[in-house]
Amino acid sequence: MGELTRDLPKPMIEVAGRPLVDHAIAQLAGVGRLVANLHYFPEKLATHLASAGVETVFEPELLETGGGLKNALDRFTGEAVFTMNTDAVWKGPRAAEVLAAAWDPTRMDALLLTVPHAHAHGHAGPGDFDIGPEGHLVRGRETIYTGLQILRTSTLDDIAERCFSLNTVWERLLETKRIFGAVYPGEWCDVGHPEGIAVAERVLKDA
């Protein structure tokens, strides 16, 4: 985000008058305990999140997506958790509800929320996965990972590294066919770059 994050953590960048992290929290309403990993300008973000009832965990070093989740696991007691990136904005049904409705713990160790290219905005790259007829994911280009998933916490048990990507977990689950995809029926905007802010605001404004 360049100059926009010179003295501000990325989740505090505003889109349509609200910090990105508030857009994310709105999509997670009703899921229960919320915990956020902090690293860059942690005090500013912690103060804001405290008013929203969100617990925080400090990362003394960048741990990547997998290491960050592992760093916060002692805050949770369930067998599976939602994980979410904050650099996206949504228009449509609440994303966590869409994902929870599709979650089947008898078949799944991970369920990723995806969006087809036609409903993705501000995202210039290729897709991440294809979804098979029974919902199984394979690497491909048809759908884009939105940054929201449900993941069984036991999938991290035998990873010794402190810093690692969740792609490490996904690769194992692709082999065992325990990773699935659900499709978000609304609009999704990538706000991981400055140009995405205006795109997201246009999408949110359009009827």
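Author: Buried means under 20% relative accessible area, exposed over 50%, and partly exposed in between (1.4 Å probe, protein chains only). This is a predicted model, in which local features need pLDDT of at least 70 and side-chain atom pairs count only at pLDDT 80 or more, while totals for chains, interfaces and linings use all residues. Residues are numbered from 1 along each chain as its sequence is written, and side-chain values use heavy atoms, with hydrogens and water left out.

Reader: Is Glu 171 buried, partly exposed or exposed?

Author: The relative accessible area of Glu 171 is 39%. Buried needs under 20% and exposed over 50%. Glu 171 is therefore partly exposed.

Reader: How many salt bridges does the structure hold?

Author: A salt bridge is a side-chain nitrogen of Lys or Arg within 4 Å of a carboxyl oxygen of Asp or Glu. Glu 171 and Arg 139 meet in one, at 2.8 Å from N to O. For the structure, the number of salt bridges is 11.

Reader: Which residue forms a salt bridge with Arg 162?

Author: Arg 162 is partly exposed, at 43% relative accessibility. In this salt bridge the closest N and O atoms are 3.1 Å apart. The partner of Arg 162 is Glu 61.

Reader: Is Arg 152 buried or exposed?

Author: The side chain of Arg 152 meets that of Glu 79 in a salt bridge (3.6 Å, N to O). Glu 79 is exposed, with a relative accessible area of 60%. Arg 152 has a relative accessible area of 13%, and so counts as buried.
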